[in-house]
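Please keep the sequence and the structure open while reading.

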Amino acid sequence: MTISSQALSPASRIFVSIDTPEIAYARGLAESLADTVGGIKLGLEFFVGQGPAGIRSVVSGIGLPLFIDLKLHDIPNTVAAAVRAMLPLQPTFLTIHTSGGPAMMRAAAEAALMTDLQRPRLLGVTVLTSLDDDDLVSVGQSVPVLDQARRLASLAQSSGLDGVICSPAEVAALRADCGPDFVLMVPGIRPAGSAVGDQKRVMTPRDAVEQGADYLVIGRPITQASDPASAARSIVKELA
Ligand SMILES: O=c1ccn([C@@H]2O[C@H](COP(=O)(O)O)[C@@H](O)[C@H]2O)c(=O)[nH]1
């Protein structure tokens with residue numbers, strides 16, 4: 001599917017990351033942000049706590065695209081089976097790790113087609129935004145983050161994925177490498193003055209979009225704010 005990033009409204013670029021194991025809290029956040037953001041992301045913390053039924057409870061009737069961010073990483077047969085198992089939830093986006101290799105990515109891409117409904121778009125995690133060059137050295141990947149992200153994004157594209165997760169710092173290079181239709185979904189977003197926490201490669205929302213990001217994944221700067229809807233509106237305003 002071709003996506004024109006320029007056609008996206010500021011609000012529709014924002015996937016709010018609801019990271020909690022609590023179903024009522026997650027549902028409350030989804031309801032309070034439904035008019036302000038473009039999508040809901042639920043990841044490992046929520047899925048381990050509440051499973052598929054919990055996901056249904058949070059997004060039912062909210063009317064926003066669902067991004068299930070489980071970052072699958074296993075042998076091809078197992079990852080493909082997990083992708084198939086997620087299809088009834090009708091996610092718009094799913095994640096797998098590109099470091100699982102081309103066979104795993106191809107198997108996941110084939111599995112994503114096994115639905116009569118709209119197929120999910122598969123995104124590959126390149127280098128986690130919580131890592132820097134020194135972290136890659138410590139796990140035996142002695143190349144700069146940028147080079148590793150470019151390598152993994154190109155591998156993801158040739159293996160049939162729809163896009164990747166990358167930090168804002170790599171967006172411009174990956175856009176040039178992979179073209180306008182390859183989805184760049186970007187966490188590590190921090191409005192000016194907000195706490196960085198465990199993230200290492202960060203940028204403001206506006207700078208990330210100016211670099212060429214299609215979608216922004218934003219968690220704590222919205223969900224931990226005293227007024228999450230107001231925090232989300234400020235970010236939309238910054239992007240407008
Ligand atoms: O490289 C990655 C991949 C995924 N994430 C996820 O995005 C959100 C970010 O939350 P913040 O609170 O805005 O830091 C979180 O769910 C991560 O699991 C990422 O940060 N980096």
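In this predicted model, helices H3 and H4 are roughly parallel to each other, because their axes cross at roughly 25° and angles under 35 degrees count as roughly parallel. H3 spans residues 76–86 and H4 spans residues 102–112, and their axes come within 8 Å.

**The H3 and H4 contact**

- The crossing of the helices H3 and H4 is right-handed.
- On the H3 side, the contact is made by Pro76, Asn77, Val79, Ala80, Val83 and Arg84.
- These residues meet Ala103, Met104, Ala107, Ala108, Glu110, Ala111 and Ala112 in H4.
- Sorted by class, the residues in the contact of H3 with H4 are 10 nonpolar, 1 polar and 2 charged.

**The largest nonpolar core**

- The largest nonpolar core has 67 residues, of which Val16, Ile40, Ala108, Leu184 and Val186 touch the most other members.
- H4 gives the most to this core, with 7 residues.
- With neighbours within four places in sequence left aside, Val186 is in contact with Cys166, Ser167, Pro168, Val171, Ala208, Ala213, Tyr215, Leu216 and Val217.

**Ala240**

- Ala240 lies in the segment after helix H10, which covers 228–239.
- Ala240 is exposed because it has 9 other C-beta atoms within 10 Å, and a residue with 12 or fewer counts as exposed.
- Ser226 is 14 residues from Ala240 in sequence, and the two are 23 Å apart in space, C-alpha to C-alpha.

Terms used. Residues are numbered from 1 along each chain as its sequence is written. This is a predicted model: local features need pLDDT of at least 70, side-chain atom pairs count only at pLDDT 80 or more; totals for chains, interfaces and linings use all residues. Axes are lines fitted to C-alpha atoms, for helices over the stretch in contact, and angles run from 0 to 180 degrees between N-to-C directions. Helices (H or I, at least four residues) and strands (E, at least two) are DSSP runs, numbered from the N terminus. Angles under 35 degrees count as roughly parallel, over 145 as roughly antiparallel, 65 to 115 as roughly perpendicular and the rest as oblique. A crossing is left-handed if the near helix is turned anticlockwise from the far one by less than a right angle, and right-handed if clockwise. Two residues are in contact if their C-beta atoms, placed from the backbone, lie within 7 Å. Ala, Val, Leu, Ile, Met, Phe, Trp, Tyr, Cys and Pro count as nonpolar, Asp, Glu, Lys and Arg as charged, and the others, Gly among them, as polar. A nonpolar core is a set of buried Ala, Val, Leu, Ile, Met, Phe, Trp, Tyr and Cys residues joined through C-beta atoms within 7 Å. A residue is buried if 20 or more other C-beta atoms lie within 10 Å of its own, exposed if 12 or fewer, and partly exposed in between; C-beta atoms are placed from the backbone.
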